[in-house]
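Subject: Structure handover

Hello,

Here is the structure we talked about. My notes follow below it.

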Protein chains: 2
Amino acid sequence: MTLKNFDLEKYLEGAKRTYGQRQNVEKLADELTKKGFKNIVVLGIGGTWAEWYPVVEYCRHLSDFPIYLENAGEFLVKQNLHYLSKDSLVLTSSATGNTKEILEACKLCINKGINIYGFTKDETTPLAKLLTKAIYNPCGDCEDSYLLYFMLMLRLYKNLGYFPQYDRWADQMKNLHANLVRIREEFEPRAVEIAEKYSKEPYTMLVGSGMLWGETYLFSMCILEEMQWKRTRPVKSADFFHGALELVEKDLPVFLIMGEDEYRPLDERVERFAKRFTDKLEVFDTREFQLTDIDDEFRVIATPMIITAILTERLTAHYELNTGHSLSFRRYYRQFEY
Amino acid sequence: MTLKNFDLEKYLEGAKRTYGQRQNVEKLADELTKKGFKNIVVLGIGGTWAEWYPVVEYCRHLSDFPIYLENAGEFLVKQNLHYLSKDSLVLTSSATGNTKEILEACKLCINKGINIYGFTKDETTPLAKLLTKAIYNPCGDCEDSYLLYFMLMLRLYKNLGYFPQYDRWADQMKNLHANLVRIREEFEPRAVEIAEKYSKEPYTMLVGSGMLWGETYLFSMCILEEMQWKRTRPVKSADFFHGALELVEKDLPVFLIMGEDEYRPLDERVERFAKRFTDKLEVFDTREFQLTDIDDEFRVIATPMIITAILTERLTAHYELNTGHSLSFRRYYRQFEY
């Protein structure tokens, strides 16, 4: 099957290059472990915050080792960063390497004598110059960011004694991209259909939870709002029942993003409710997609990667094809100082 | 000035009764301190989560003593509640005392042998029967909930050594309600005007941060969505610049809720931006309202109370007067099992 606006060759090259970073990433993790740290602080904003979200969420399942995910914009003003010290391991990322809040947050750390490590496109970016050590992540595909973030973090957690199955997981990640190509192909007819049906809707409610809250937020904010100028209401499954539900009517589009972690019963409750009261419920359930040569115990880690492949990449491409609204056009974001 | 749909006498009676709880609340706090606890866990959902939000946020400024605010729905499924133990002090609230998730979360704690303390309307509610010890909070006004929550928590923090100014603050809270009546009167002409202008808008973006994020979320979800069936997009000031901004157009209503904590520069950045690109920006800035006989250092604690008085109470009343949509009608919420 041909995937519209998808360059398979380029994708597979990117995949190879990403997986090819494994040694670098593990070496960095091992050095950082050797140095030692008392807690981990992750700085993201917008899309990067959303991508780090499941990584941090997953780590919190492995152990109660203190790990914090901070919105870099808030980090700059917060006065209660009690845990931030020279013993903190600070991680961040910015593909372009020039996200204003990320750069300022890094400088704030540097001024406190705290090292920062992370990911950026290449050695030329402003972020690269601030990082104590960088891993280069040139590819734009979110699943590659997920893979690298998880690789670094899970290697650290292996070293700390909380993820002994790391090597098996990392070995199996060789098979990730082939799965995500097949999953894209399986999803393609639905992407066509959903984009036709919903891409001109003025408002869409998006519901998700747990490991997939980041993707729910990202698809709402960074794709529909930023790249398609579509109004959205991202809402967590548990919150849905405390206000947002009253908006549901026969013709209200509700996109429910369902994962495989312990939050699933909350999502299922939304599904049962929404099925009864709107004809425009679309459920994106990672369980519907097989992962070949990846152990079931690692599926949860892969769920944000599956959702990013089918929504943030595939469905988005078809929205653009239907609306004619270019994904790369912005009227404000990064267009001038504000 | 007459405030529309506002029963001043009833309000002041409620205020008196609430402040009259001071001794009870302090006694409970002192007993709990004597017993001892290693961390504080607060359970809320929907409106109660939003109301506890600034209380917990404020506590985090006073000290790094571990305090957690949990969404009761998520609390029920989460598998990483490492910190929850018999040494935890668990607090909760539900005015009706029959919020499903709160009751289940309490049962979960009870099954683990953990005591729960909190607030509910009176001794007849299902929650009252589950609480180890309850404080009764019969009044519906959010500022009374805030006052009681802060009273309990700040007394605990005084006892822990983190809020030595407690007595002065609590003494001055006698003056709170008179201030909030005057502030209502000052705001009334604007409430009339804004409700006329915006109450029929199909979609409103609401931006806030820090101590006022709870109120921003509450006004969006519990008022506009639940009670007026109006579409909203609540977004934090820092996130606004990473997607939501692209929606802004001349005629997009943006309500910016501005406080006085360290997050204010993030709000001000939104204000500068939104002023340029929409004619429908409304800024609700707590700085515009004086607090008589309350020290400036306590203003930040009062900011959510000011916003709840002018938005959740006053503006809401005028929305109802303009839309004719009853604030007490629900089509789904608590109408049947789901």
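What covers the buried residues of α12(B)? The cover includes α4 (72–75) and α5 (100–111) of chain A. From chain B, it includes β6 (203–208), α11 (237–240), β8 (254–258) and β9 (281–285). Buried means under 20% relative accessible area (1.4 Å probe, protein chains only). Helices (H or I, at least four residues) and strands (E, at least two) are DSSP runs, numbered from the N terminus.

A word on the source. This is a predicted model, in which local features need pLDDT of at least 70, side-chain atom pairs count only at pLDDT 80 or more, and totals for chains, interfaces and linings use all residues. Residues are numbered from 1 along each chain as its sequence is written, chains are lettered from A and ligands numbered from 1 in the order in which they are written, and side-chain values use heavy atoms, without hydrogens and water.

Back to the helix. The buried residues of α12(B) include Leu266(B), Val270(B), Phe273(B) and Phe277(B).

Four strands of chain A form an open sheet in the order β7-β6-β8-β9, with parallel pairing (at least two DSSP bridges between two strands). Its edge strands are β7 (231–236) and β9 (281–285).

Best wishes

How values were computed
Buried < 20%, exposed > 50% of the residue type's maximum accessible area, 1.4 Å probe, protein only. Contact = heavy atoms within 4.5 Å.
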